[in-house]
Amino acid sequence: MTLVLPAALADEIRRHAETAYPEETAGLLLGTIEGGDRRHIERVVSLTNRWEAGARDHRYRLEPRDLIAAEDGAEEAGLMILGIFHTHPDHPAQPSAFDLEQALPFYTYLITRVDSGAAGESRAWRLAEDRSRFDEETLDLRSNRRGQP
């Protein structure tokens with residue numbers, strides 16, 4: 001399992017993360033699947049964290065209406081929602097117990113650590129079929145969609 005993320009989109013996620021700090025932020029990863037196990041991200045959609053104030057530093061919530069609008073836009077562009085990105089302010093870029101409780105099958109979860117307002121490591125995860133854990137995916141940062149210089 002590999003998530004191919006153009007460097008420009010990774011930078012867009014990092015900027016969104018740094019702007020939202022110290023709160024978690026989230027959004028969607030839109031793209032295509034190649035060969036069954038390579039997910040090529042072609043667009044990111046930054047969304048507003050809709051969790052109640054006071055807990056946004058360790059929780060995020062996306063509204064169904066935002067997801068529906070993003071899915072409609074993805075379909076019009078020939079893309080699909082492949083995953084969700086979110087941040088962990090001042091915590092590792094690995095899924096929390098809450099992330100495990102909330103996760104859905106199929107999606108890739110890209111988590112970016114943000115320390116003192118500076119975005120750091122990003123790691124990609126997918127929920128195991130039995131929903132007991134996350135398995136880490138290879139994160140391939142590329143200069144463009146197919147990774148050519």
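These legends describe close-up views of a predicted model.

**View 1. Seven strands form a closed barrel.** The strand order is β1-β3-β2-β4-β5-β6-β7, and the pairing is mixed. Neighbouring strands of this sheet are turned by 35° against each other on average, with direction ignored.

**View 2. Strands β2 and β4 run antiparallel.** β2 covers residues 26-34 and β4 covers residues 80-89. Six bridges join the two strands. Among the residues involved, G31 has M80 of β4 as its bridge partner.

**View 3. Helix α2 lies across β2, β3 and β4.** The helix spans residues 64-76, and β3 spans 38-47. Relative to β4, α2 runs at about 135°.

**View 4. W51 and F98 form an edge-to-face aromatic pair.** The structure holds three aromatic pairs in total. In this one, the ring centres are 5.7 Å apart and the planes stand at 90°. The pair links distant parts of the chain, 47 residues apart. W51 sits in the loop between β3 and α2, while F98 belongs to helix α3, residues 97-102. W51 counts as buried because its relative accessibility is 17%, under the 20% cut-off. F98 is also buried, with a relative accessible area of 17%. R59 lies over the face of F98, at 3.9 Å from the ring centre.

**View 5. F106 and Y107 pair edge-to-face.** Their centres are 5.9 Å apart, with 65° between the planes. F106 is partly exposed, at 34% relative accessible area. Y107 is partly exposed too, at 22% relative accessibility. The charged end of R39 sits over the F106 ring, 4.4 Å from its centre.

How values were computed:
Residues are numbered from 1 along each chain as its sequence is written. This is a predicted model: local features need pLDDT of at least 70, side-chain atom pairs count only at pLDDT 80 or more; totals for chains, interfaces and linings use all residues. Side-chain values use heavy atoms; hydrogens and water are left out. Two strands pair if DSSP finds at least two bridges between them. Helices (H or I, at least four residues) and strands (E, at least two) are DSSP runs, numbered from the N terminus. Axes are lines fitted to C-alpha atoms, for helices over the stretch in contact, and angles run from 0 to 180 degrees between N-to-C directions. Contact means heavy atoms within 4.5 Å. Rings of Phe, Tyr and Trp (its six-membered ring) pair if their centres lie within 6.5 Å; planes under 30 degrees apart count as stacked, over 60 as edge-to-face and the rest as tilted. Buried means under 20% relative accessible area, exposed over 50%, partly exposed in between (1.4 Å probe, protein chains only). A charge sits over a ring if NZ of Lys or CZ of Arg is within 6 Å of the ring centre and within 35 degrees of the ring normal.
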